[in-house]
Amino acid sequence: KNMWVGTFHSVCVRVLRSCIDLLGYNRDFVIYDSADTRTLMKECLRELNIDEKSFPARNVLSIISNAKNDLMDAPTFENIYRNDYRMSIIAKVYFRYQTKLRKNNAIDFDDIILNTVKVLSENTDVLIKYQNKFQYILVDEYQDTNNAQYMLINLLSQSHRNLCVVGDDDQSIYKFRGANINNILNFNDDYPEVHK
């Protein structure tokens, strides 16, 4: 009964339902699907007078998604790309997009893990609660984890260090979605006490 079995996103939604208020959201937040996010992005582009032919909503959403999977919030993204003309425009869109999501008490799919990492990183008591909840962690298809998922796993497992990962570096298929093969290749460096 006490086991949680699910995808990264489903587990993180359960965590966020208990503590997302620490990030300024209400716990009854909604999760925007791809149609919702595309509609919202088009609104942002219109409001900022940005030509969608030059900055297609789908492409901008993809860049923002990749940033979130690398744990880059809007201020970090803006700071990194301040000297890149095109990306600095996307940074403005990213800010507007996040502002509108928050106003609607909504998050997108990529915010699920990003916000979970953020709430755990910024609230020691919440982190300890979930480290104790998840004393044993099993991750399948570890070769296809992205940077946000990697950080989440490391935060949750750092106390008890009972982490079992299953994966094959020859079968990584989600690089286009931000999967970082180094997560599995460097596992022994992160957990030198590993048993194979």
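## Asn188 and its surroundings

Leaving aside residues up to four places away in sequence, Asn188 touches Val194 and Lys196 in this predicted model. The place of Asn188 in the chain is helix α10, which covers residues 187-190. Asn188 has a relative accessible area of 35%, and because partly exposed is the class that lies between the limits of 20% for buried and 50% for exposed, Asn188 counts as partly exposed.

A second residue, Arg58, gives a sense of distance within the model. Asn188 and Arg58 are separated by 130 residues in sequence, and from C-alpha to C-alpha they are 38 Å apart in space.

## The chain as a whole

The secondary structure of the chain consists of 10 helices and 4 strands, and when these elements are read from the N terminus on, their order is α-β-α-α-α-α-β-α-α-β-α-β-α-α. The radius of gyration is 18 Å, which is close to the 16 Å that the globule rule gives for 196 residues, so the chain is as compact as a globular protein of that length.

The C-alpha trace spans about 55 × 40 × 30 Å along its principal axes, and 42% of the 196 residues in the chain are buried.

## Helix α1 against helix α6

Helix α1 (residues 8-19) and helix α6 (residues 109-122) have axes that come within 9 Å of each other and cross at roughly 55°. The two helices are therefore oblique to each other, and the crossing of α1 and α6 is left-handed.

On the α1 side, the residues that take part are Phe8, His9, Cys12, Val13, Val15, Leu16 and Cys19, and they meet Phe109, Ile112, Ile113, Asn115, Thr116 and Val119 in α6. When the residues of this contact are sorted by class, 10 are nonpolar, 3 are polar and none is charged.

## Helix α2 against helix α5

The axes of helix α2 (residues 34-47) and helix α5 (residues 85-103) also come within 9 Å, and they cross at roughly 125°. This pair, too, is therefore oblique, and α2 passes α5 in a right-handed crossing.

In α2, the residues Thr37, Leu40, Met41, Glu43, Cys44, Leu45 and Glu47 meet Val93, Arg96, Tyr97, Lys100 and Leu101 in α5. The contact of α2 with α5 divides into 7 nonpolar residues, 1 polar residue and 4 charged residues.

## Helix α3 against helix α5

Helix α5 also packs with helix α3 (residues 57-69), at an angle of about 80° and with the two axes 10 Å apart. Because angles from 65 to 115 degrees count as roughly perpendicular, this angle makes α3 roughly perpendicular to α5.

The contact is made by Val60, Leu61, Ile63, Ile64, Ala67 and Lys68 of α3, together with Met87, Ile90, Val93, Tyr94, Tyr97, Gln98 and Leu101 of α5. By class, the contact of α3 with α5 has 11 nonpolar residues, 1 polar residue and 1 charged residue. Val93, Tyr97 and Leu101 of α5 are among the residues that meet α3, and they are also among those that meet α2.

Definitions and conventions
Residues are numbered from 1 along each chain as its sequence is written. This is a predicted model: local features need pLDDT of at least 70, side-chain atom pairs count only at pLDDT 80 or more; totals for chains, interfaces and linings use all residues. Side-chain values use heavy atoms; hydrogens and water are left out. Axes are lines fitted to C-alpha atoms, for helices over the stretch in contact, and angles run from 0 to 180 degrees between N-to-C directions. Angles under 35 degrees count as roughly parallel, over 145 as roughly antiparallel, 65 to 115 as roughly perpendicular and the rest as oblique. A crossing is left-handed if the near helix is turned anticlockwise from the far one by less than a right angle, and right-handed if clockwise. Contact means heavy atoms within 4.5 Å. Ala, Val, Leu, Ile, Met, Phe, Trp, Tyr, Cys and Pro count as nonpolar, Asp, Glu, Lys and Arg as charged, and the others, Gly among them, as polar. The radius of gyration is taken over C-alpha atoms; the globule rule is 2.2 Å times the number of residues to the power 0.38. Buried means under 20% relative accessible area, exposed over 50%, partly exposed in between (1.4 Å probe, protein chains only).
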